Amino acid sequence: MVPLTRQQQLMQTARSKTSFRPLNLTYIIYNGEEDFKSREVVRSRIEERLGETNPKKLPRIYEGLDRKSLYHSGLQFAQALLEDEIEHRHGYFDRATHHYTLVNASPFGLHPSMFVPTLKLQASPKQLAHWLPLAESGKMIGTYCQTELGHGTFLRGLETTATFDRETDEFIIHSPTITSTKYWPGGIGYSTTHAIVMARLIIDVTDYGLHPFMVQLRSLDDFRPMSGIELGDIGTTMGLNSTDNGYAVFNQVRIPRQHMMMRNASVTSDGMYMKIPTGNDKISYSTMILARNHIVHAVAFQMAQALTIAIRYSVVREQGNLHFGPQSSSEASIMSFKSQHYRLLTGMSRAFAIIFVSKACETVYQELVLRQSQGDHSLLAYGHITTASLKAWATQTAADGAEDARKCCGGHGYSVLSGLPNLASDIAAMVTLEGENYVMYQQVARYLVKCVSAISAGQPIDSAMEYLRAPTLHRHCPAQGLDFLKSDVQLSIFRHRAVRLAFECHKLLDESTTRDGLSPDAAWNVHMMSLIIAARAHAEYFVLHSFVDQVARIADPAVRRVTNLLCTLFALSTVESPFSIGALGFFEDSYITGAQLKVIRAHVHHTLSELLPEAIGLTDAWGFSDASLASALGQKDGNVYETLMSWTRQLPFNQACQRTGGVDEEGFQRYIQPILRAKL
């Protein structure tokens, strides 16, 4: 038997300190034992097909692939995922890939995540009966085509037109300006056959606004673009380069009238536009609500992956000590240093906060879908602002957390072989994807201000927002000592901040328009940052509320204890950390005093000490395989240095040079040798 390395021994020791059964927490994360075990079967099958089961082998993504090779690598796993779904009908890759990246990383990713859901939401029963079997069998591979070169989040600014031609009973899809070029849609470059194109419906001279249209992009025989359509890849991006984010230019492209999605609106052959009575002008937001819901779920796992890598590495990395004299040369695990485990454990608490709030987000979305199927769109506004606020909060939190996890790994974290640069860059895309975060927060703020206006006028608001009516019973937080460990006290602190900021924003806007004479637009711009902070405060109250609810439902006492510690750490570190965005809102009205802050900070330190022995167990609870992490530093057995050196030696550049005697012959002959032989 091969003896364990020092790092493997350290990992074993750390893992043995776990006080709970990580698998029981895994089942909570994955919505039950049966679902997780089923996923494991699928994951193993995919990893076996793709040749990813040997942790000693350099992952293919690190083989120095060029743009085309990266795309082909994406096609390889995309084919495996799509064919596995068609054969087994499990739905596990509707939101994320087998490596937990948002499914947009797959060239076929928008097919299950946006194309098919939009069909179900917007196609008439007759259209659905025709297109859905084709989509679910892989006979057509679709994407969702909305964002343009000149417009993204501002949907009303989109320029692509769909003009009705009575004589031929067709729509003419056209890109009238360079800024109307569809730009960024996933898979549109070279991977998909069809697209649901969002375009302005024009009948005669009347613009009826955005509607979805089914457009065939490529021939099903030779895969060439259809006549009048220019398609291409937009090139290497900061992350997600396994897919072909692309562009599409439409030049007077004709499609049958019946290719307009007609569940919520229709056009007759004589050009009469008819709105379905049960329809809603903002029904197109439903697809975006689903996409943002997927993003919240995906970034929880991606952030947890980054933290898993950093925590495992920090446990086995021995460097330095806290002996300030020269007499001691012993080194300690860097996880023992407060600056390390404070950052990583608070990060882990936020990853759990995101995964738990994603479950609440999913509940809101499913309720919205149920009501819409019955012609009730009353939940659309609340569903929109819930997913918008959580998408903004979760992606910023995950992006910041993944980057900090990378920094916690020092120089090795800068190496692509750590897996952290790819994770950090992939998560960074989520901040902008499906709605830039500051724009999302403004949409939430607009809804909050409307709620406050309704409350002030004695009018009803969405039931989930009734917390805004709750009066603040105390000018100063009455909690002392151990009170701050109680979830109801933590919720009251977050609720106070959210309510106060929402009402203050309403007052600021009112004063700027009535007293200072500003237009509503100008007033909004003046107070924009206050509005954004208020929206974020609402999001964090919702997140904490969801976290508390989820912990309360956990039956296993050991798991409930650990998740309660995580919840407490999330809540109190959000209040006390000098790096916490918007933390000033807890103090600026003196609701929390300086003396209380010291008590809260002491609780944070004590909570960290209780969670430190659980760190490895928490990483295990996420159920990541070594293949899914693709990290030399995040190996489950702790065998970091051997893996890192093995992968380093396998790098194609090193392999090629070893075949020529350890020399890069071209580099030596062209650039180095002339210097050495030159007579200076």
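**Notebook: a cavity, a helix pair and a sheet**

I began with the lining of the largest cavity, which by class has 6 nonpolar, 3 polar and 1 charged residues. I note here that the model is predicted.

Which residues form that lining? I listed L102, V103, N104, S113, M114, A291, H294, I295, L433 and E434. I then asked which elements give two or more residues to the lining, and found α5 and α7. The largest share, 3 residues, comes from α7.

Next I checked the volume. The largest cavity holds about 60 Å³. How many cavities of 30 Å³ or more are there in the whole structure? My search returned 1. As a reminder to myself, rolling a probe the size of a water molecule over the atoms shows where empty space is left.

**The helix pair**

I turned to α5 and α7. Helix α5 covers residues 110-122, and helix α7 covers residues 285-316. Their axes come within 10 Å and cross at roughly 145°. Is the crossing left-handed or right-handed? I recorded it as right-handed.

I looked up the residues that meet. From α5 I have S113, M114, P117, T118 and L121. From α7 I have S286, T287, M288, L290, A291 and H294. By class, this contact has 6 nonpolar, 5 polar and no charged residues.

I went back to the cavity list with these names. S113 and M114 of α5 meet α7, and S113 and M114 also line the largest cavity. A291 and H294 of α7 are in the contact with α5, and A291 and H294 are in the lining too.

**The sheet**

Last, I looked at an open sheet of 3 strands. Their order is β4-β8-β7, and the pairing is antiparallel. Which strands are at the edges? I noted β4 (182-183) and β7 (229-233), each pairing on one side only.

I picked out I229, whose bridge partner in β8 is F250.

Methods:
Residues numbered from 1 in each chain as written. Predicted model: local features only at pLDDT ≥ 70, side-chain atom pairs only at ≥ 80, totals over all residues. Heavy atoms only, no water. Axes fitted to C-alpha atoms, helices over the stretch in contact; angles between N-to-C directions. Helix = DSSP H or I, 4+ residues; strand = E, 2+ residues; numbered from the N terminus. Left-handed = near helix turned anticlockwise from the far one by under 90°. Contact = heavy atoms within 4.5 Å. Nonpolar A, V, L, I, M, F, W, Y, C, P; charged D, E, K, R; others polar. 1 Å grid on protein atoms, 1.4 Å probe; cavity = no way out; pocket = protein on both sides within 12 Å on 5 of 7 lines; lining within 4 Å. Points joined across faces, edges and corners; volume = space filled by probe spheres on them. Pairing = 2+ DSSP bridges.
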